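Hi,

Here is the structure I promised to pass on. Have a look at it first, and then read my notes below.

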Amino acid sequence: MRQPSLARLRRSKTLAFYLFISPWLIGFLALAAGPMIYSFYMSFTEWQVMGSAEWIGLENYERLFFHDPLFWKTMWNTFFYTFLGVPLGLAFGYLLAVLLNQKVKFMGVFRTIFYLPSIVPAVASSLLWVLIFQPEFGLANALLDFIGLPTSRWLLSESMVKPALIIMSLWGVGGGMIIYLAGLQGVPPSLYEAAEIDGAGKWRKFWHITIPMTSHVIFFNLIMGVIGSFQVFTQAYVMSGGGPNYASLFYVLYLYQNAFEFFNMGYASALAWILFVIVLIFTLLQFKFFGKKVYYEYDD
């Protein structure tokens with residue numbers, strides 16, 4: 001009986017491979033790559049939903065950078081949220097994971113309690129925090145008044161609306177906390193034992209063993225946190241609508257307004273591609289400055 005040639009066997013395996021991944025390929029081309037390419041084309045046009053697209057070249061981008069003060073306002077709001085909210089979220093989630101990594105009774109219950117807020121739908125949690133930040137009868141002002149501190153208008157104040165949204169974001173650090181917890185439980189106990197023999201205290205063990213051995217999960221959460229912060233939308237849309245006086249008009253909310261409220265799809269496409277470039281640059285910068293400092297188990 002004649003055996004199939006090696007080349008024919010390779011072709012059949014290659015064909016089988018592409019047949020198996022064809023559903024993903026079709027979905028990627030139809031639902032991801034195709035719309036991305038089309039939106040790039042649309043960013044060079046002026047297109048209203050009920051009209052036809054008219055090629056205008058770089059006018060949308062020129063309008064963004066030189067003729068649209070709201071663009072720079074949204075950039076400031078988003079960068080403020082990113083550079084303040086992401087470090088706080090990383091630190092709070094990490095310290096929470098360290099506390100929940102202790103061996104005490106009912107630890108599974110505590111972990112569940114702290115994780116649950118991260119899986120609550122964003123709209124539901126936003127409505128809850130609207131009540132918490134309500135100036136007249138909200139829990140936040142009641143707590144401040146109880147401890148003798150001045151109250152705030154929170155979501156109705158230009159200076160406090162962004163800090164209020166950042167405080168709300170800390171309520172949902174349970175998702176990052178779970179990843180930190182997995183990293184902490186992967187640290188070999190023998191390292192702590194060796195450090196104790198050498199006379200290291202708790203702080204030295206935490207600084208020289210725990211943090212370096214979990215640097216890969218810290219780095220992962222940093223990247224995902226920055227990407228997520230640039231795409232913050234639901235909280236501002238539900239809780240403040242971008243106000244007061246555009247103080248919480250974040251970038252993606254402004255993009256949404258141009259696309260689905262003003263129906264200026266060409267301009268919204270230009271906004272989307274600028275956001276893509278910003279996120280790409282920040283991701284590459286993180287890999288450049290922090291990537292080499294991350295420890296992986298397979299490192300020598």
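Helices here are DSSP runs of H or I with at least four residues, numbered from the N terminus. With that numbering, Trp154 sits in the loop between helix 6 (139-146) and helix 7 (161-170). Please keep in mind that this is a predicted model.

Is Trp154 buried or exposed? Its relative accessible area is 8%, so Trp154 is buried.

Phe263 also has a positive phi without being a glycine, near 55°. Phe263 belongs to the loop between helix 13 and helix 14 (265-290), and with a relative accessible area of 40% it is partly exposed.

There is a cis peptide bond as well, joining Gly243 and Pro244, with omega at about -5°. Pro244 falls in the loop between helix 12 (234-239) and helix 13 (251-261).

Now to the domains. The protein chain splits into domain 1 (6-55) and domain 2 (68-293), and their C-alpha centres are 33 Å apart. Nine residues from domain 1 and eight residues from domain 2 take part in the contact. About 770 Å² is buried between domain 1 and domain 2, with carbon and sulfur atoms giving 64% of that area. Helix 1 (residues 6-42) supplies the largest share of domain 1's side, four residues. That side of domain 1 comprises five nonpolar, four polar and no charged residues. Across the interface of the two domains there are zero salt bridges, but two residue pairs are in polar contact.

Enjoy exploring it!

Best wishes

Technical notes:
Residues numbered from 1 in each chain as written. Predicted model: local features only at pLDDT ≥ 70, side-chain atom pairs only at ≥ 80, totals over all residues. Heavy atoms only, no water. Domains from an automatic or database assignment. Contact = heavy atoms within 4.5 Å. Buried area = accessible area lost by both parts, 1.4 Å probe. Salt bridge = Lys/Arg side-chain N within 4 Å of Asp/Glu carboxyl O. Polar contact = N/O pair within 3.5 Å; in protein donor to acceptor, adjacent residues only side chain to side chain. Helix = DSSP H or I, 4+ residues; strand = E, 2+ residues; numbered from the N terminus. Nonpolar A, V, L, I, M, F, W, Y, C, P; charged D, E, K, R; others polar. Buried < 20%, exposed > 50% of the residue type's maximum accessible area, 1.4 Å probe, protein only.
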